[in-house]
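I opened the notebook to record what I looked up in this model. The entries follow the order in which I checked things.

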Amino acid sequence: MDGIGGTTYTLDDLSDYLDSGRLPVNAEIEADAECQAVLASLERVGSLSRELVARDADENPTLDESWFGSLFATIALEVKAGKDIPLSSSDPHTSLSITEGAIRELVRAAGDSVDGVLVGSVRLSESVVDISISVLLGIPVTGAAEAVRQAVYSDLFKHTELAIDSVNVTVDDVHVIATEGGTA
Amino acid sequence: MIDLAAASDALLAGRAADGDANAFGALVRRHGPYLRAFATRLTGSAADADDVVQEGLIAAWDQLDTLGEPGKVRAWLATIVSRKATDRIRSRKPSSELDEERAEDSERGPEQRAIATSQLDALSDVLSALPDAQRQCWVLKEVGGYSYEEIAERLGVTPVVVRGRLARARATVIAEMEAWR
């Protein structure tokens, strides 16, 4: 293939140059008007390709419910239970335990029950629970975090009798009410 | 039930990694259409796309604890889905040589194509008319953002073959999109 413009570079050389972030700077390519036009075209068709997939998605926003249903039937079979945590029992012949997964679910439910709060991840280690939460924009963050801490502490105590030393709440996200399918 | 539609990707990914299937469901509803669109462009088939997106999401659910950056969950899902898509492509392609030959035959001039009404429609037509092997490489590189080596590994060919396919795809796309500058 002949070189582009006054250079010896091919279309593929220019594509490689673009892929390298135009570094190190090639003065010959940067000074050649035709190379510049080709580089602009390459960038344009690349970004149009990404736009095209985004548009395809926007034009078909609905997932088939039977497709969704069969996906969830499979996923529900693979419960992430985690390890068992022993609970105290008054009967010496009985041993009770609860899975980490069940504790996480309890913690999530307790935190979500606080107005304007969505619980993110829940970390359990020994007798410490670390929770990250997102707070609805406009709701006082400290009050929400404290309400979550109390709800989690009391629900864990009530349902599991686990001796929890501390419940740490980190607010690492803020959300607004969803415009689509939201409960606004 | 709690409304998860307002939650960020990072929050949903964190919950899903903890085993919350509803949070995973919210991610699927949010990003499923994009994953399907990506897989459709890649496989060239809406039915195959539905299958590979489903396979990819099931695999993703099992590996959520390996997700490094929860905020980048869409890109992470797209990577898993694209791998399922290339697995499917490899399983249905008996020979890459045949495909390369077919590639030469089907290169057509822009005048043979119906006039598109927008540059996105034009690009859509150009990509659809590319030989499968060229289109797959193009989509993996430009939309997936993968390197020649990664694409080669996924498609089970050498990087030189990928380079050749992309060179032909690029020449066609650039020539046919010239009118839309």
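**Entry 1: the strands**

How many bridges join strand E3 of chain A to strand E4 of chain A? I found seven bridges between E3 (residues 117–125) and E4 (residues 128–136) of chain A, and the two strands run antiparallel. For the terms, helices (H or I, at least four residues) and strands (E, at least two) are DSSP runs, numbered from the N terminus. Two strands pair if DSSP finds at least two bridges between them.

I noted that the model is a predicted one, in which local features need pLDDT of at least 70 and side-chain atom pairs count only at pLDDT 80 or more, while totals for chains, interfaces and linings use all residues. Residues are numbered from 1 along each chain as its sequence is written, and chains are lettered from A and ligands numbered from 1 in the order in which they are written.

I then looked at the turn. E3(A) and E4(A) form a hairpin with two residues between them. Glu126(A), in that turn, has a positive phi of about 50°. Arg123(A) stands opposite Asp130(A) in E4(A).

Next I followed E4(A) to its other partner. Nine bridges join E4(A) to strand E5 (residues 166–175) of chain A, and these two run parallel. Leu136(A) has His175(A) in E5(A) as its bridge partner. With helix H6 (residues 141–160) of chain A, E4(A) and E5(A) make a right-handed β-α-β unit. Right-handed here says that, with the strands pointing away from the viewer, the path from the first strand over the helix to the second runs clockwise.

**Entry 2: chain A as a whole**

I listed six helices and five strands in chain A. Along the sequence they follow the pattern α-α-α-α-β-β-α-β-β-α-β. The radius of gyration of chain A is 28 Å, well over the 16 Å that the globule rule gives for 184 residues, so chain A is more spread out than a compact globule. That radius is taken over C-alpha atoms, and the rule is 2.2 Å times the number of residues to the power 0.38. The C-alpha trace of chain A spans about 90 × 40 × 35 Å along its principal axes.

I also checked burial: 24% of the 184 residues of chain A count as buried. A residue is buried if 20 or more other C-beta atoms lie within 10 Å of its own, exposed if 12 or fewer, and partly exposed in between, with C-beta atoms placed from the backbone.

**Entry 3: the loop between H1 and H2**

Is the peptide bond from Leu23(A) to Pro24(A) cis or trans? I found it to be cis, with omega near -10°. Pro24(A) lies in the loop between helix H1 (11–19) and helix H2 (27–31) of chain A. Arg22(A) is found in the loop between H1 and H2 of chain A. Arg22(A) has a positive phi of about 60° although it is not a glycine. I wrote down the general rule beside this: most residues other than glycine have a negative phi, and most peptide bonds are trans. Arg22(A) is partly exposed, because 13 other C-beta atoms lie within 10 Å.

Ala57(A) counts as partly exposed because it has 18 C-beta neighbours inside 10 Å. Leaving aside neighbours within four places in sequence, Ala57(A) is in contact with Pro33(B), Tyr34(B) and Ala37(B). Two residues are in contact if their C-beta atoms, placed from the backbone, lie within 7 Å.

Asp56(A) is also found in H3 of chain A. Not counting residues up to four places away in sequence, Asp56(A) touches Ala37(B) and Thr40(B). The C-alpha atoms of Asp56(A) and Ile29(A), 27 residues apart along the chain, are separated by 35 Å.

I then took the two chains together. In total, 46 residues of chain B are in contact with 48 residues of chain A. On the chain B side, the largest share, 13 residues, comes from H2(B). The residues of that side divide into 25 nonpolar, nine polar and 12 charged. Ala, Val, Leu, Ile, Met, Phe, Trp, Tyr, Cys and Pro count as nonpolar, Asp, Glu, Lys and Arg as charged, and the others, Gly among them, as polar.
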